[in-house]
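Please look at the sequence and the structure below. The report that follows goes through selected local features one by one.

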Amino acid sequence: MTTGFVWKDIYGWHDTGTSAGAFPPGGFAQPHQHFESAESKTRFASLVDVSGLGDHLVRLAVTPASEEDLLLVHNQAHVTNMRELSADPKGGDAGDGLSPFGHGSFEIALMAAGGTIAAVNAVLTGEVANAYALVRPPGHHARPETGMGFCLFSNSGVAIRKAMRDHNVERVAVVDWDVHHGNGTQEVFYSDPNVLTISIHQDGLFPPDSGHIHEQGVDEGVGANINVPLPAGSGNGAYLEAMDRVVIPALQRFKPDLIVVASGFDAAMTDPLGRMIVTANGYRPLTQRLMDAADSLCQGRLVMSHEGGYSATYVPFCGLAVLETMSGVRTPVQDALAPFWDVLPDQVLQPWQADAVQRAAQAAGLVA
Ligand code: 9RB
Ligand code: ZN
């Protein structure tokens, strides 16, 4: 089994400035790092190399997405706006006032979309069995006409639209396990019956009032959007329940030609933004379930595109666990905190979490 891997050093150069988390610096906000700093991602890339896993992966070449590629999802005004703001030495904001970027981030965002495109291409041509695109800036909040939530462009949306145009791919499923609702991807494909978008997220976390179970698509797309909002505090058991009772049955019903995962690690322990407790070892069976579904439905075609995840010290171990599962290669790396965190009482599915999953399964018509 060969696994493709995308990472470019320039992803670490996307400059989100000196916001104190999400507070713009100044006044009483002492300058600090923005939440979406490079750290968790550069350290994930480092661990892939230092662990030795990188030697077993096929490093994929990346070319920047073209503006024409972006226009498969976004409107010209947004693309032009991002290009012009990025050309300013002071940079700009992706659209919501929470997503600052520096000089040159437009070109980096083109490389991020290009990274997801490269991963999809490599899987669809059979160069690799599956692939992980560790890209930055992220993409799942980006809407057709604006960026938001630290995202400039919809990396997965662009890659999927391009694949549907250029490859023999008719039906694509997106599974978003980032702790935030994948509102951008949902919106891009909301009326498209050929792209199933599924998001598991912490109920109501971000964007506010988004990601409800009754958001099911419009027009031809009704039934091709599924949300699984989980209560804060959900862990490995709740995520497996969501996978087994909603995600996998929905994939089996939809029969995709390709599965794309919006892979954020902000549902993990110690994330500063999420209030979930998934562990590195918890991501292994989640990944395996998706690999098994891909094997039975679409010749194993599984592509992951990186999204959020802000624990600089823990995200690398979660990412490595996913990549080890995808590649079937186990490195000597151990999660030193597993003896504590894998056995937390709340890693076991709790009744109120099972109820939330059941409600999502019912809304999606997967159970009576
Ligand atoms: C602020 C608000 C946020 C909070 C979290 C994210 C996470 C993105 C991510 C984005 C924006 C609101 C500071 C609302 O990781 N996605 O995967 N900002 N939240 N209002 N205000 C003032
Ligand atoms: Zn997130």
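K255 is exposed, with a relative accessible area of 51%; over 50% counts as exposed. The model is a predicted one. K255 sits in the loop between α7 (236–254) and β9. Its phi is near 55°, which is a positive value in a residue other than glycine.

D209 is another residue of this kind: phi of D209 is near 55°, again positive in a residue other than glycine. D209 is found in the loop between β7 and β8. The relative accessible area of D209 is 63%, so this residue is exposed.

## Cis peptide bonds

The loop between β7 (195–202) and β8 (225–230) also holds P207. The peptide bond that joins F206 and P207 is cis, with omega about -10°.

A cis peptide bond also joins R136 to P137, and here omega is about 5°. P137 belongs to the loop between β5 (130–133) and α5.

## A buried glutamate

E36 is located in the loop between β1 (3–6) and α1 (39–50). With a relative accessible area of 0%, E36 is buried, since buried means under 20%.

Which residues is E36 in contact with, leaving aside its neighbours within four places in sequence? They are H14, T16, K41, R136, P138, F150 and Y310. R136, listed here as a contact of E36, is also joined to P137 by a cis peptide bond. E36 and G149 are 113 residues apart in sequence, while their C-alpha atoms are 9.4 Å apart in space.

## The zinc site

The zinc ion (ligand 2) is coordinated by D178, through two entries for OD, by H180 through ND1 and by D266 through OD, at 2.0 to 2.7 Å. Along the sequence, the spacing of these donor residues is D-x1-H-x85-D. D178 is in the loop between β6 (172–176) and α6 (183–188), and D266 is in the loop between β9 (258–263) and α8 (280–298), so the pair ties together parts that are 88 residues apart in sequence.

Are D178 and D266 buried or exposed? Both D178 and D266 are buried.

## Helix α4 and its partners

Helix α4 (residues 105–124) packs with helix α5 (residues 155–166) at an angle of about 45°, and their axes are 8 Å apart. The angle makes α4 oblique to α5. Their crossing is right-handed. On the α4 side the contact involves A109, A112, A113, T116, I117, V120 and L124, which meet N155, S156, V158, A159, K162 and A163 of α5. Sorted by class, this contact of α4 with α5 has nine nonpolar, three polar and one charged residues.

Helix α3 (residues 76–87) also packs with α4, at an angle of about 130° and with the axes 7 Å apart. This makes α3 oblique to α4. V79, M82, R83 and S86 of α3 form the contact with S105, F106 and E107 of α4. By class, the residues of the contact of α3 with α4 are three nonpolar, two polar and two charged.

## Helices α8 and α9

Helix α9 (residues 315–327) and α8 pack at an angle of about 35°, with 8 Å between their axes. The crossing of α8 and α9 is right-handed. From α8 the contact takes in A280, Y283, R284, T287, Q288 and M291, and from α9 it takes in F317, C318, A321, V322, E324, T325 and M326. The contact of α8 with α9 has eight nonpolar, three polar and two charged residues.

Definitions and conventions
Residues are numbered from 1 along each chain as its sequence is written. Chains are lettered from A and ligands numbered from 1 in the order in which they are written. This is a predicted model: local features need pLDDT of at least 70, side-chain atom pairs count only at pLDDT 80 or more; totals for chains, interfaces and linings use all residues. Side-chain values use heavy atoms; hydrogens and water are left out. Donors are N, O and S atoms within 2.8 Å of the metal (3.2 Å for Na, K and Ca); water is not among the atoms, so sites may look incomplete. Helices (H or I, at least four residues) and strands (E, at least two) are DSSP runs, numbered from the N terminus. Buried means under 20% relative accessible area, exposed over 50%, partly exposed in between (1.4 Å probe, protein chains only). Axes are lines fitted to C-alpha atoms, for helices over the stretch in contact, and angles run from 0 to 180 degrees between N-to-C directions. Angles under 35 degrees count as roughly parallel, over 145 as roughly antiparallel, 65 to 115 as roughly perpendicular and the rest as oblique. A crossing is left-handed if the near helix is turned anticlockwise from the far one by less than a right angle, and right-handed if clockwise. Contact means heavy atoms within 4.5 Å. Ala, Val, Leu, Ile, Met, Phe, Trp, Tyr, Cys and Pro count as nonpolar, Asp, Glu, Lys and Arg as charged, and the others, Gly among them, as polar.
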